[in-house]
2 protein chains.
Amino acid sequence: MYSIGDLSRRTGVKAPTIRYYEQMGLLEAPQRSEGNQRRFAKAELERLAFIRHARDLGLTINSIRQLIDLSGHADRPCADADRIAKEQLASVRDRIAKLQKLEEELERIATCCTGETIGDCYVIRALSNHSLCGHEH
Amino acid sequence: MYSIGDLSRRTGVKAPTIRYYEQMGLLEAPQRSEGNQRRFAKAELERLAFIRHARDLGLTINSIRQLIDLSGHADRPCADADRIAKEQLASVRDRIAKLQKLEEELERIATCCTGETIGDCYVIRALSNHSLCGHEH
DNA sequence: CTAATTGCTCTAGTGACTAGAGGTTCAAGA
DNA sequence: TCTTGAACCTCTAGTCACTAGAGCAATTAG
């Protein structure tokens with residue numbers, strides 16, 4: 001049995017976050033000590049690692065809840081789990097593409113400033129004047 | 001003079017968001033009609049375009065406030081504006097790198113599932129078992 | 001003049017936590 | 001056994017950049 005602090009050290013998830021996951025229904029309410037402190041079994045440690053892994057991959061609490069529900073039904077088709085992973089992949093790719101456009105533009109803005117004062121600072125001018133942009137956005 | 005709706009249509013920024021920017025001190029409190037409705041001058045339209053542009057580039061409200069303050073002092077050195085742009089660029093690059101790692105891993109997870117049921121679904125197994133990951137994270 | 005549209009303020013909700021207050025329990029050393 | 005200090009408890013509120021809705025007032029087109 002682990003206290004919340006043990007669990008926190010083993011998973012790298014802070015104690016308030018563990019309580020938050022419980023509140024959100026990702027972790028089941030654990031057993032309690034006589035003095036009302038949480039006592040987690042190994043299964044909870046594993047589930048927390050699952051949650052942390054999924055969060056690191058950018059999945060939302062809601063998606064994770066769905067996956068946990070799914071994982072309780074080993075006999076069902078896994079199309080839903082596949083769909084969640086594929087949607088997440090698509091969204092990550094989308095975000096990368098958008099950030100790369102920003103990178104391009106910021107690079108131009110941040111490296112082209114040869115002025116000395118705000119009056120002729122390229123950063124300020126580029127932000128004021130959309131037509132200085134390399135492409136529309 | 002533009003009403004808040006005019007401004008919204010011209011800039012693509014929703015009216016509540018415009019009020020929010022005013023509340024956050026990015027836009028100065030505009031003139032008002034006799035009936036207390038906002039009436040914006042052209043300068044405010046331009047500033048709103050500046051704000052929108054900076055937001056699209058991922059700058060925070062705080063950074064934008066700093067840039068606006070700077071832009072009011074045309075005689076000062078522009079090192080601060082440069083710094084803000086460069087910091088933003090660094091943060092964008094950082095996010096891209098992290099997302100690309102996620103992309104890799106999600107790709108592996110989402111395309112490797114050949115199971116038919118949850119019981120042997122690679123998505124679920126990969127999330128449960130960190131050692132299936134291509135690299136640490 | 002009336003009806004439809006647009007505007008106003010204020011409050012609360014989003015997601016995924018984080019921080020703090022104010023109190024209780026636990027584990028280890030004396 | 002007692003005491004002390006760390007860890008734990010619940011509850012509320014704050015973060016960021018908006019967004020939604022209630023309930024009312026002003027404006028504009030016909």
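Here is a walk through this predicted model, from the fold of one chain to the contact between two.

Let's start with chain A. Chain A holds six helices and two strands, and along the sequence they come in the order α-α-β-β-α-α-α-α. Of the 137 residues in chain A, 39% are buried. If you take the contacts in chain A with a separation of 6 or more, 44% of them join residues 24 or more positions apart.

Now look at the start of that chain, where two helices pack. Two packed helices are described by the angle between their axes and the distance between the axes. For helix H1 (residues 4-11) and helix H2 (residues 15-23) of chain A, the axes come within 9 Å and cross at roughly 105°. An angle of 65 to 115 degrees counts as roughly perpendicular, so that is the label for H1(A) and H2(A). Which residues of H1(A) and H2(A) meet? On the H1(A) side they are A:Ile4, A:Leu7 and A:Ser8, and on the H2(A) side A:Ala15, A:Ile18 and A:Arg19. Sorted by type, the residues of this contact are four nonpolar, one polar and one charged.

Next, the charged pairs. Side chains of opposite charge can pair when their charged atoms come close.

Go to helix H1 (residues 4-11) of chain B. There, B:Asp6 and B:Arg9 sit three residues apart, about one turn of the helix, and they form a salt bridge with the closest N and O atoms 3.1 Å apart. How accessible is B:Asp6? With a relative accessible area of 27%, B:Asp6 is partly exposed, while B:Arg9, at 65%, counts as exposed.

B:Asp94 is partly exposed at 41% relative accessibility, and B:Lys98 is exposed at 55%.

What does the salt bridge of B:Arg47 and B:Glu28 tie together? The two side chains meet at 3.9 Å, N to O. B:Arg47 belongs to helix H3 (residues 42-56) of chain B, and B:Glu28 to the loop between helix H2 (15-23) and strand E1 (31-32) of chain B, so this pair ties together parts that are 19 residues apart in sequence. B:Arg47 is partly exposed, at 25% relative accessibility; B:Glu28 is exposed, at 53%.

That leaves the contact between the chains. Chain B and chain A each put 49 residues into it. Together they bury about 4400 Å², with 74% of that area on carbon and sulfur atoms. Which three residues supply more of chain B's buried area than any other three? They are B:His53, B:Ile118 and B:Leu127, which supply 16% of the area that chain B buries against chain A.

Charged pairs show up here too: four salt bridges cross the interface of chain B and chain A. B:Arg93 forms a salt bridge with A:Glu103, the closest N and O atoms being 2.9 Å apart. Elsewhere you can pick out a network of salt bridges that links A:Arg93, B:Glu103 and B:Glu107.

How values were computed
Residues numbered from 1 in each chain as written. Chains lettered and ligands numbered in written order. Predicted model: local features only at pLDDT ≥ 70, side-chain atom pairs only at ≥ 80, totals over all residues. Heavy atoms only, no water. Axes fitted to C-alpha atoms, helices over the stretch in contact; angles between N-to-C directions. Helix = DSSP H or I, 4+ residues; strand = E, 2+ residues; numbered from the N terminus. Parallel < 35°, antiparallel > 145°, perpendicular 65-115°, else oblique. Contact = heavy atoms within 4.5 Å. Nonpolar A, V, L, I, M, F, W, Y, C, P; charged D, E, K, R; others polar. Buried < 20%, exposed > 50% of the residue type's maximum accessible area, 1.4 Å probe, protein only. Buried area = accessible area lost by both parts, 1.4 Å probe.
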